[in-house]
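Got your viewer open and your selection tool ready? Let's take a short walk through this protein, one stop at a time.

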Amino acid sequence: MEVLRMCYGTGSVYEKRFDDAMGIFFTSEEFPELTAGMDDVSGVLQKAVGRLIEEQSYGILYIPEGEYRIKETVKIPPSVRLIGYGKKRPVFVLPEDAKGYDNEASIEHLDGNYQFAKGYPDAKYMFWFIGDKDYEAEEPKDADAATFYSAISNIDFRIEGTHPGAICIRAHFAQHGFVSHCHFDLGNGLAGLFDVGNEMEDLTFVGGTYGIVCRMCSPGWPFALLDSVFDGQKKAAVLSGCTGFTGFRLRISNTPQAFGRYLPGVWEKLYLEDCILENISQEAIVSGDTTRVIEQTNLKNIYCKNVSALI
């Protein structure tokens with residue numbers, strides 16, 4: 001294996017302010033209510049997203065370097081992107097005193113017919129890619145097969161304190177959507193991502209119960225994750241089912257399982273290439289019913305070190 005081909009990192013990839021006449025910048029000049037050391041920027045950030053929708057129905061919200069405390073879910077409508085810039089990536093922080101993120105979220109009591117239709121049970125999200133323009137709806141719809149161009153890039157996330165129900169991003173979007181160049185410091189949180197779509201790359205997940213929990217993508221197409229790292233998850237790096245999970249150049253270490261199934265008997269089409277698995281205490285890849293044609297596990301050029309069992 002040519003390990004040097006892996007190209008993940010945690011440095012900012014957009015160091016200078018963008019020259020974008022149509023973009024909105026999350027600064028105190030554009031939003032005077034945004035002050036240094038603000039206890040919770042959720043409302044101001046949602047207002048900034050809303051301004052994009054109201055003024056042009058789509059666009060990019062640029063987030064400058066700094067730390068921003070988030071205590072409520074920020075909803076991201078279709079065709080809105082959040083892109084960070086600066087010498088260091090901006091960081092969205094879920095502080096210890098945030099409310100509603102401390103539920104003991106679990107799926108262990110669910111049967112095989114439950115499909116997470118309303119999301120991960122008892123979880124709460126810092127950011128939620130939604131499927132329509134109504135960002136004020138209390139119960140928004142997930143982004144779907146017609147949700148294009150949604151994205152977050154060059155922004156980091158940190159969960160502080162004890163928030164076992166906290167998930168950084170809910171991302172059930174479709175074509176041209178992505179998450180890239182992000183570091184997730186999950187602490188005692190539940191996961192970095194719930195659901196996935198299209199393509200994601202250069203992500204690092206440290207801590208948490210899981211790195212990613214995901215179901216079938218919209219509109220049922222597979223998903224690709226490139227050049228990413230998982231380290232120190234309590235239960236599994238990825239908990240998936242019906243996703244069509246495709247991974248290239250992943251490094252997964254110090255966790256009981258690399259790929260688990262979110263419910264018993266749920267099928268998965270897993271393809272992994274040029275990946276490193278290290279210090280996996282249980283079976284690295286949980287397989288489903290191998291007598292079913294739809295169940296597939298494809299592994300190419302996988303390096304294992306201190307792995308109890310591959311499958």
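## Stop 1: two strands side by side

Start by selecting G59 and V80: G59 stands opposite V80, which belongs to strand β5. Keep in mind as you look around that this is a predicted model.

Now widen the selection to residues 59-64, strand β2, and residues 80-85, strand β5. The two strands run parallel, and six bridges pair them.

## Stop 2: back along the chain

Next, pick residues 24-25, which make up strand β1. This strand is parallel to β2 and joined to it by two bridges. To see a partner pair, select F25 and then Y62 in β2, its bridge partner.

How does the chain get from β1 to β2? Colour residues 42-56 and you have helix α1, which the chain passes through on the way. Together they form a β-α-β crossover, and its hand is right-handed.

## Stop 3: a seven-stranded sheet

Time to move to another selection. Show the strands in the order β4-β7-β10-β12-β14-β16-β18: they form an open sheet of seven strands with parallel pairing. Which strands sit at the edges? Look for β4, residues 74-76, and β18, since each of these pairs on one side only. If you compare neighbouring strands in this sheet, they are turned by 15° against each other on average, direction ignored.

Zoom in on one pairing within the sheet. Select residues 124-129 for β7 and residues 166-170 for β10: these strands pair in the parallel sense over four bridges. Click K124, and then find A166 in β10, the bridge partner of K124.

## Stop 4: the largest pocket

Last stop! The largest pocket has a volume of about 400 Å³. To find it, select I107, E108, Y120, Y210 and K235, which are the closest to its centre among the 24 residues that line it.

Which elements give two or more residues to the lining? They are β16 (236-240) and β18 (257-261). Of the elements, β18 gives the most, with three residues.

You'll get 13 nonpolar, six polar and five charged residues.

Conventions. Residues are numbered from 1 along each chain as its sequence is written. This is a predicted model: local features need pLDDT of at least 70, side-chain atom pairs count only at pLDDT 80 or more; totals for chains, interfaces and linings use all residues. Side-chain values use heavy atoms; hydrogens and water are left out. On a 1 Å grid over the protein atoms alone, a cavity is a set of points where a 1.4 Å probe fits but cannot get out, and a pocket is an open set with protein on both sides within 12 Å along at least five of seven lines; lining residues have an atom within 4 Å of a point. Grid points are joined across faces, edges and corners, and a volume is the space filled by probe spheres set on the points. Ala, Val, Leu, Ile, Met, Phe, Trp, Tyr, Cys and Pro count as nonpolar, Asp, Glu, Lys and Arg as charged, and the others, Gly among them, as polar. Buried means under 20% relative accessible area, exposed over 50%, partly exposed in between (1.4 Å probe, protein chains only). Two strands pair if DSSP finds at least two bridges between them. A crossover is right-handed if, with the strands pointing away from the viewer, the path from the first strand over the helix to the second runs clockwise. Axes are lines fitted to C-alpha atoms, for helices over the stretch in contact, and angles run from 0 to 180 degrees between N-to-C directions.
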